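Here are some friendly notes to read alongside the model. Please keep the 3D view open as you go through the points.

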Amino acid sequence: MANEEDECMGSVKAQLAKLFEVSLKVTVPNEPDLEPLVAACTGRFGDYQCNNAMGLWSKIKGKGTQFRGPPAVGEAIKNNLPASEMIESCSVAGPGFVNVVLSKNWMAKSIQKMVIEGIDTWAPILPVKTAVVDFSSPNIAKEMHVGHLRSTIIGDTLARMLEFSKVEVLRRNHVGDWGTQFGMLIEFLFEKFPNFEDATKTAIGDLQAFYKASKQRFDADPAFKERAQQAVVRLQGGEDKYRKAWAQICEISQTEFHKVYQRLGVHLEEKGESFYNPYIPGVIEALTKQGLVEESQGARVIFIEGINIPLIVVKSDGGFNYASTDLAALWYRLNEEKADWIIYVTDVGQQQHFDMVFKAAKRAGWLPPSDSSCPKASHVGFGLVLGEDGKRFRTRNTEVVRLVDLLDEAKSRSKAALIERGKGEEWTEEEIESTAEAVGYGAVKYADLKNNRLTNYTFNFDQMLNDKGNTAVYLLYAHARICSIIRRSGKDIEELKNKGTLVLGHKDERDLGLHLLQFAEVVEEACTNLLPNVLCDYLYNLSEIFSKFYSNPDCKVIGSDMETSRLLLCEATAVVMRKCFNLLGITPIYKI
């Protein structure tokens with residue numbers, strides 16, 4: 001039993017659920033497999049609530065039960081709870097809701113234990129061993145633009161939260177490195193550089209401009225178009241010269257992508273469309289043998305129940321497409337990488353495509369019929385990034401905004417704000433640069449992640465770099481202030497962790513302690529529902545609750561007789577804030 005408790009030590013909700021599970025077995029021994037319904041309370045009756053009584057009553061009434069309604073069931077659940085140092089008191093309200101008040105002593109001990117042993121002891125336990133997160137996925141020979149921002153940031157945060165929860169995460173960059181556009185690019189490369197192997201990034205110059213010039217040529221010159229189409233066939237046939245030219249174009253692109261990922265602190269392993277190409281014929285053959293693939297208007301398709309268009313897996317000209325590649329990738333991830341959960345982070349416009357791919361996989365028996373059991377596949381859709389005019393975010397000359405330019409702008413505005421506040425005289429150049437980067441890039445990330453990902457959001461530098469309200473700047477400064485309180489005390493926090501004792505005597509201290517203890521279940525909820533904004537809400541609320549505690553004259557920290565305890569509470573808050581920043585891919589700052 002001790003091991004089980006250690007296992008879910010991080011989540012208060014999970015620990016209470018175990019206690020209620022024991023009580024439910026005693027209360028209704030003839031009702032097996034009851035899931036305890038435990039939730040954090042918002043009311044004044046308790047900290048947590050068990051809501052099983054009503055549902056249980058509807059199951060057992062008429063079966064000769066001793067109970068006379070939901071309140072009596074609630075009383076029995078309360079009375080059968082095993083003794084636990086976690087619980088101070090329990091009461092039953094309304095139709096059998098069992099309210100739990102946590103013990104202040106237990107709360108304080110749990111927080112101090114985390115401060116000593118580290119935040120990893122509060123990691124939630126998920127029923128998943130291996131997950132693939134497929135995100136970012138730009139196209140080769142095109143620059144990363146603002147449209148790639150959301151997939152990259154959301155995907156990275158989901159991967160970080162799963163990794164924190166002890167899941168092995170395979171971060172996959174499914175780049176567009178295959179397809180008809182490569183014929184056009186390769187032919188243009190041969191034309192511009194007869195000794196194409198000497199063509200370097202410097203010689204080719206701006207890859208985006210190179211792409212545009214080749215596209216113009218393709219559209220205007222029928223002879224070039226013919227050669228480009230032949231080049232695709234020869235590339236796909238594996239001809240050495242064409243393969244080398246393709247690899248060269250890919251390499252130049254990847255170098256550019258890497259610069260963006262480095263700034264954002266994002267790590268990915270590239271397995272592009274080309275990687276799955278060799279698997280497509282075998283996968284389609286297997287699906288055909290199962291009777292899933294049918295002929296339709298010259299193409300080979302899979303019909304999906306409830307959707308009036310079929311999933312085309314081989315085009316009428318015999319070529320493969322996105323669906324062929326995505327089915328092969330899904331097969332590979334399930335069979336070769338043995339993933340329990342495969343998560344695709346793309347815009348909401350691709351929702352139907354993935355829905356059809358997943359349904360085809362269910363028909364094939366690759367995935368179970370229900371999404372509640374593993375292995376499973378999920379599409380994480382997100383809305384558009386809009387400009388001030390409410391339309392897709394573009395530059396003045398209607399070009400899409402390059403991601404590099406956007407990050408440069410965020411950093412330079414952040415740096416200007418620091419210099420305006422007189423930090424140019426106080427800080428070293430290195431401190432200014434690193435803080436400007438942390439705040440600028442953090443502001444861009446947080447402005448995206450704090451929104452429900454399904455909604456569109458308006459990109460506004462002034463709002464995201466504001467130091468008031470729900471912004472990264474406000475939260476980073478709040479963290480730096482907590483660090484400054486600890487520094488000003490002149491005390492060695494490491495010594496206090498082991499020698500001091502944390503106490504939650506005042507209501508504001510207890511409120512802060514309770515919110516800290518809910519960290520693990522918030523991360524679990526954000527992972528389970530694939531919603532990073534849940535973690536952002538938690539972080540902002542944590543900052544507000546800390547402010548209320550710190551600004552209360554009754555909770556004076558430095559110089560009070562409760563200084564040691566309150567410094568430990570400050571440290572616990574800073575530790576949890578830093579973990580939130582880490583999960584959101586934001587670098588914390590320690591002074592302002």
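1. Helices (H or I, at least four residues) and strands (E, at least two) are DSSP runs numbered from the N terminus.

2. A word on the source: this is a predicted model, in which local features need pLDDT of at least 70 and side-chain atom pairs pLDDT 80 or more, while totals for chains, interfaces and linings use all residues. Residues are numbered from 1 along each chain as its sequence is written, and side-chain values use heavy atoms, without hydrogens and water.

3. Now for the rings. The whole structure holds 20 aromatic pairs (Phe, Tyr or the six-membered ring of Trp, with centres within 6.5 Å; planes under 30 degrees apart are stacked, over 60 edge-to-face, the rest tilted). In one of them, F275 and Y276 have ring centres 5.1 Å apart and planes at 85 degrees, so this pair is edge-to-face. F275 is partly exposed at 30% relative accessibility, whereas Y276 is buried at 0% (buried is under 20%, exposed over 50%, partly exposed in between, with a 1.4 Å probe and protein chains only).

4. F459 is buried at 3%, and F461 is buried at 14%.

5. Next, look for charges over rings (NZ of Lys or CZ of Arg within 6 Å of the ring centre and within 35 degrees of the ring normal). The charged end of R243 sits over W246, 5.6 Å from the ring centre. K376 lies over the face of W341, at 4.2 Å from the ring centre.

6. Finally, follow the strands, which pair if DSSP finds at least two bridges between them. Strand 8 (residues 293-296) pairs with strand 9 (residues 299-302) in the antiparallel sense over 4 bridges. V293 stands opposite I302, and I302 also stands opposite L311 in strand 10.
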